[in-house]
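Open the model in your viewer and keep the sequence panel beside it. The stops below go from the whole chain to single residues.

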Amino acid sequence: DDARAPYVGRALTAVARYFHHGLPELEIRPNVERAAEFLQEAATFFRDPDAQFELAKLYLKGEGVREDRKTALNW
């Protein structure tokens with residue numbers, strides 16, 4: 001409920017995107033499991049809608065998490 005929560009949620013979502021796709025300039029290789037962890041944090045604790053949407057897509061595809069349509073629909 002902190003006023004800074006939306007900013008933290010968006011920042012975690014941005015970091016998750018870097019891990020999902022990689023960032024060769026910084027020698028960050030794609031790591032979808034780590035991206036899912038960041039998205040879970042942003043979606044759950046900071047209620048970031050972009051993180052919730054991206055997390056749902058990962059659950060639908062089974063990327064970095066087990067495929068689970070019910071959980072995807074929840075997000």
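## A tour of the chain

Begin with a residue: select F19, which is partly exposed at a relative accessible area of 22%. Here buried means under 20% relative accessible area, exposed over 50%, and partly exposed in between, with a 1.4 Å probe and protein chains only. The model is predicted, so local features need pLDDT of at least 70 and side-chain atom pairs count only at pLDDT 80 or more, while totals for chains, interfaces and linings use all residues. Residues are numbered from 1 along each chain as its sequence is written, and side-chain values use heavy atoms, with hydrogens and water left out.

Rings of Phe, Tyr and Trp (its six-membered ring) pair if their centres lie within 6.5 Å; planes under 30 degrees apart are stacked, over 60 edge-to-face, and the rest tilted. The count by this rule is 1 aromatic pair. That pair is F19 with F38, stacked, at 5.5 Å centre to centre and 25° between the planes. F19 sits in helix α1 (residues 5–21) and F38 in helix α2 (residues 32–45), so the pair ties together parts that are 19 residues apart in sequence.

**The whole chain.** Now switch to a cartoon view. Helices (H or I, at least four residues) and strands (E, at least two) are DSSP runs, numbered from the N terminus. The protein has 4 helices and 0 strands, in the order α-α-α-α from the N terminus on. Its radius of gyration is 12 Å, close to the 11 Å that the globule rule gives for 75 residues, so the protein is as compact as a globular protein of that length. This radius is taken over C-alpha atoms, and the rule is 2.2 Å times the number of residues to the power 0.38. Along the principal axes, the C-alpha atoms fill a box of roughly 35 × 30 × 15 Å.

Colour by accessibility next: 31% of the 75 residues are buried. The protein exposes about 5300 Å², of which carbon and sulfur atoms supply 53%. These areas come from the Shrake-Rupley method with a 1.4 Å probe; for residues, only the protein chains shown count as cover.

**R17 and its contacts.** Select R17 in helix α1. R17 is partly exposed, at a relative accessible area of 38%. Which residues does R17 contact, leaving aside its neighbours within four places in sequence? They are G22, D50 and E54, where contact means heavy atoms within 4.5 Å.

**Two loop residues.** Move to E27, in the loop between α1 and α2. Its phi is near 60°, a positive value in a residue other than glycine, and E27 is exposed at 73% relative accessibility. Then select R47, in the loop between α2 and α3 (49–61). Phi of R47 is near 50°, again positive in a residue other than glycine, and R47 is exposed at 55% relative accessibility.

**Last stop.** Select V8 in helix α1, partly exposed with a relative accessible area of 35%. Then draw a C-alpha to C-alpha distance from V8 to T71: the two are 63 residues apart in sequence and 23 Å apart in space.
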